[in-house]
Amino acid sequence: MTSVTNIVFHPPFEARVTGDVLSFGISEPWYRSLPISCIVDLELRIDGQAVPADAITIAIDGIDRTIAECRDAVESYWFVQDLAQIHVRGIRVGATADVMAHLVTRIPYIMVGPNMALPHHTVQAERFQVVSA
């Protein structure tokens with residue numbers, strides 16, 4: 001059985017292409033909502049190719065941010081029931097895309113050292129059907 005803390009992708013595994021942007025949803029891999037500032041990193045590989053960080057944005061509650069910009073969103077939350085939309089610019093895919101995500105969040109109420117919150121790593125790979133918007 002897979003824990004909710006190990007999953008970011010949920011069926012149906014579907015991505016959309018609009019122009020040169022590939023978009024798909026991910027869920028927060030924790031059992032409690034977290035401040036958006038707890039998003040530490042997101043690494044993506046699409047069809048085996050690493051995606052540059054500057055090509056990735058994450059939209060939560062209608063606001064599109066780079067991963068670096070998430071650090072400043074201390075008063076905004078990623079609710080467990082809400083999918084975030086990942087947007088990847090400048091990528092070409094076919095009818096399917098193999099997507100691997102490595103999402104790193106920090107759990108602010110579990111301290112593992114002086115001034116250090118628990119880092120939580122979630123890695124998942126799935127094959128997505130790609131549709132044009």
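What follows is a talk about labels and the values behind them.

Tutor: Keep in mind that this is a predicted model, where local features need pLDDT of at least 70, side-chain atom pairs count only at pLDDT 80 or more, and totals for chains, interfaces and linings use all residues. Residues are numbered from 1 along each chain as its sequence is written, and side-chain values use heavy atoms, with hydrogens and water left out.

Student: Why is Thr57 called buried?
Tutor: Buried means under 20% relative accessible area, exposed means over 50%, and partly exposed is in between (1.4 Å probe, protein chains only). Thr57 has a relative accessible area of 11%, so Thr57 is buried.

Student: Where does Thr57 lie, and what does Thr57 touch?
Tutor: Thr57 lies in strand E6, residues 56-60; strands (E, at least two residues) are DSSP runs numbered from the N terminus, as are helices (H or I, at least four). Not counting residues up to four places away in sequence, Thr57 touches residues including Asp64, Gln85 and His87, where contact means heavy atoms within 4.5 Å.

Student: What makes the approach of the Thr57 side chain to the side chain of Asp64 a polar contact?
Tutor: A polar contact is a pair of N or O atoms within 3.5 Å; within protein, one must be able to donate a hydrogen and the other to accept it, and residues adjacent in sequence count only if both atoms are side-chain atoms. The Thr57 and Asp64 side chains make such a contact at 3.1 Å.

Student: Now the rings. How many aromatic pairs does a search of the whole structure find?
Tutor: The search finds 6 aromatic pairs. Rings of Phe, Tyr and Trp (its six-membered ring) pair if their centres lie within 6.5 Å; planes under 30 degrees apart count as stacked, over 60 as edge-to-face and the rest as tilted. One of the pairs is Phe9 with Phe24: the centres are 6.0 Å apart and the planes are at 70°, so this pair is edge-to-face.

Student: Why is the Phe9 and Phe24 pair said to tie parts together?
Tutor: Phe9 lies in the segment before E1 and Phe24 in strand E2 (residues 21-26), so the pair joins parts that are 15 residues apart in sequence. Phe9 is buried at 2% relative accessibility, and Phe24 is buried at 1%.

Student: How do you know how to class Phe13 with Phe128?
Tutor: Their ring centres are 5.9 Å apart and their planes are at 65°, so this pair is edge-to-face. Phe13 lies in the segment before E1 and Phe128 in strand E11 (residues 116-132), so the pair ties together parts 115 residues apart in sequence. Phe13 is partly exposed at 22%, whereas Phe128 is buried at 2%. Ring pairs link Phe9, Phe13, Phe24 and Phe128 into a cluster.

Student: What makes Asp98 and Arg127 a salt bridge?
Tutor: A salt bridge is a side-chain nitrogen of Lys or Arg within 4 Å of a carboxyl oxygen of Asp or Glu. The closest N and O atoms of Asp98 and Arg127 are 2.6 Å apart, and the two form a salt bridge. This pair links distant parts of the chain, with Asp98 in strand E10 (residues 96-113) and Arg127 in strand E11, 29 residues apart. Asp98 is partly exposed at 31%, while Arg127 is exposed at 52%.

Student: Which side chains meet in a salt bridge at 3.4 Å, N to O?
Tutor: Those of Glu14 and Arg16. Glu14 is partly exposed at 37% relative accessibility, and Arg16 is partly exposed at 41%.
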